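These are my notebook entries on a structure that I looked up step by step. I set down each question before its answer.

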Amino acid sequence: MKTYKDLPSDAGSNIIGQVTAQVNRLQKRLASVKHTVAIMSGKGGVGKSSLTANLATALTLKGNTVGVVDADINGPTLAKMMGVRSATLEYTSIGVKPAITALGTKLISMDLLLAEDDAPVIWNAHTQKDAFTWRSSMEVGALREFISDTEWGELDYLLLDLPPGTDRLPNVAELIPNLGGVVVVTIPSEVSQLIVKKSVTMAKDILNVPIIGVVENMAFYVCQHCGEEEPLFSAEEPLDSAFQQAILGSIPFDPKLARASDNGTSYLGEYPDAPASKVLMQMAEKIQAFFEN
Amino acid sequence: MKFLCTDCDTAMKFKDVTRPEQGSVTALFECPDCFTEIAMYLNPSETQMLKSLDLKLGGNNEAAQPMQMVRSQLETAKSEPMSSMFSSETSSDETTEGGKCPFTSVISDTFQEESVPDEPTGPVWTPEALERLERIPSFVRPMAKMGIESFAKDNGHDEITGEVMDAARGNFPAQF
């Protein structure tokens with residue numbers, strides 16, 4: 001009796017061919033993207049999305065064409081932070097036109113597809129029972145379509161804002177085998193650094209994805225009156241030495257930055273001379289230098 | 001998946017796929033030598049897994065539409081772009097292409113099956129239950145309705161009352 005390998009095809013479904021077509025679609029779209037950068041942390045609440053929005057703006061202000069993928073399928077926030085939440089996606093025969101900010105940064109986010117403010121992501125199914133068995137596949141499929149079906153045009157940088165969790169980067173690394181690098185975000189707390197270390201190990205040692213650098217977010221607080229720097233978190237816990245070697249920048253906490261995110265306005269445009277703005281622009285330069293060298 | 005006709009020692013070929021019933025799909029395969037047919041049943045989870053991978057039984061000869069998986073599978077999507085896309089494309093496909101992929105039809109049928117407002121063979125809603133159903137947020141209402149009807153059928157209720165809705169409450173995430 002013939003074995004599995006003796007049979008020439010899968011009875012006509014050509015599943016491998018269908019998967020290959022998906023991969024080809026992705027590769028074709030990514031061919032017009034020079035550099036892909038994943039923004040990750042492993043831990044939630046460290047400011048990844050805010051950093052992504054501002055890094056995208058900083059890179060755009062430096063004269064680059066920039067696209068952003070809000071890879072947080074279930075907790076999308078970038079459309080609001082980048083001020084394009086009311087944008088309507090336009091579907092054409094070759095793709096989906098992304099939302100575009102006033103500065104020209106392009107964005108695709110699940111938030112742009114959801115019906116209402118309080119609408120969570122619910123996938124159509126005969127029953128939601130046992131949805132855990134297929135929900136992750138849906139989310140990876142959605143991310144694949146976000147990257148491959150958005151009309152990015154020619155991009156210098158495509159930033160991907162990953163949701164928390166060390167398992168997210170492997171999904172992205174499989175979708176984008178030539179992922180340019182990873183920016184790791186942490187805050188000066190032991191809890192954050194504990195989880196972020198796992199993300200660094202996952203990227204560097206397991207997936208062999210280059211670490212562009214570590215961002216220490218909310219690193220300190222600048223007094224609005226005297227300009228003195230004060231620690232926001234425990235002063236006795238400096239950034240881990242392993243992180244210090246790869247530091248891309250330390251961003252001071254600034255309530256105006258949080259407000260700009262809430263309002264969907266450009267912090268860098270409104271407060272170009274603020275300490276955090278200067279750090280963000282320096283980080284954009286370092287990212288450019290990383291890819292130029 | 002590969003299928004072998006053990007009598008002929010010949011690889012079987014995909015033949016057809018039937019309409020879905022309760023979320024499950026039946027695919028038919030045939031031996032090209034002795035024409036023996038076998039049926040493969042996919043349970044709702046298996047059907048859903050296939051949909052989540054955006055793969056189609058029997059092959060896919062159609063050009064991929066932008067974000068077709070997200071747009072067709074997102075229950076809580078904005079209605080305007082979704083409906084405009086699918087109404088035009090469906091009619092276009094039907095008029096210009098005769099050989100539509102069977103599984104594409106199956107997916108469309110699945111949506112119809114799930115969105116039919118008054119299923120004639122299903123349990124009857126009492127006015128009180130319908131009133132409660134209307135209070136459920138619109139974006140989860142179809143899913144809640146389907147879940148309650150499924151619960152009623154599984155538990156032998158011909159009529160959906162407030163009590164049945166209470167009993168079904170723990171069956172799915174939406175609260176009502």
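How many bridges join β4(B) to strand β5 of chain B? I counted six bridges between β4(B) and β5(B), residues 37–42, and I noted that the two strands run antiparallel. I record here that the model is a predicted one.

**Entry 1: the strands of chain B**

I then turned to the other partner of β4(B). Strand β3 of chain B, residues 13–17, is joined to β4(B) by four bridges, and this pair also runs antiparallel.

I followed B:Ala27 across both pairings. On one side, B:Ala27 of β4(B) stands opposite B:Val17. In β5(B), its bridge partner is B:Met40.

Which residues form the covered face of strand β4 of chain B, and which the uncovered one? I found B:Val25, B:Ala27 and B:Phe29 on the covered face. The uncovered face of this strand, which spans residues 25–30, holds B:Thr26, B:Leu28 and B:Glu30.

I also looked at the hairpin of β4(B) and β5(B), which has six residues between its strands. In this hairpin B:Phe35 takes a positive phi near 60°.

I recalled a general point before going on: most residues other than glycine have a negative phi.

A:Asn208 has a phi near 55°, a positive value. I located A:Asn208 in the loop between α6 (190–206) and β9 (211–216) of chain A.

A:Met218 has a positive phi as well, near 50°. I located A:Met218 in the loop between β9 and β10 (221–222) of chain A.

Are these residues buried or exposed? A:Asn208 is exposed, because 9 other C-beta atoms lie within 10 Å, and the cut-off for exposed is 12 or fewer. A:Met218 counts as buried, because it has 26 C-beta neighbours inside 10 Å, and the cut-off for buried is 20 or more.

**Entry 2: where chain A touches chain B**

I next looked up the contact between the chains. In it, 42 residues of chain A are in contact with 49 residues of chain B. On the side of chain A, the elements that give two or more residues are α1 (15–30) and α4 (135–149). The largest share, six residues, comes from α4(A). By class, this side of chain A has 21 nonpolar, 13 polar and eight charged residues.

Which residues of chain B are in contact with A:Gln18? I found B:Leu55, B:Lys56 and B:Asn60. A:Gln18 counts as partly exposed, because it has 16 C-beta neighbours inside 10 Å. I also noted that A:Gln18 and A:Asn217 are 199 residues apart along the chain, and that their C-alpha atoms are separated by 42 Å.

**Entry 3: two helices of chain A**

Two packed helices are described by the angle between their axes and the distance between the axes. I looked up both values for α1(A) and α4(A): the axes come within 8 Å and cross at roughly 45°. The two helices are therefore oblique to each other.

Which residues of α1(A) meet α4(A)? A:Gln22, A:Arg25, A:Leu26 and A:Arg29 of α1(A) meet A:Arg144, A:Ile147 and A:Ser148 of α4(A). By class, I found two nonpolar, two polar and three charged residues in this contact.

Key. Residues are numbered from 1 along each chain as its sequence is written. Chains are lettered from A and ligands numbered from 1 in the order in which they are written. This is a predicted model: local features need pLDDT of at least 70, side-chain atom pairs count only at pLDDT 80 or more; totals for chains, interfaces and linings use all residues. Two residues are in contact if their C-beta atoms, placed from the backbone, lie within 7 Å. Ala, Val, Leu, Ile, Met, Phe, Trp, Tyr, Cys and Pro count as nonpolar, Asp, Glu, Lys and Arg as charged, and the others, Gly among them, as polar. Two strands pair if DSSP finds at least two bridges between them. Axes are lines fitted to C-alpha atoms, for helices over the stretch in contact, and angles run from 0 to 180 degrees between N-to-C directions. Angles under 35 degrees count as roughly parallel, over 145 as roughly antiparallel, 65 to 115 as roughly perpendicular and the rest as oblique. Lists of a residue's contacts leave out its neighbours within four places in sequence.
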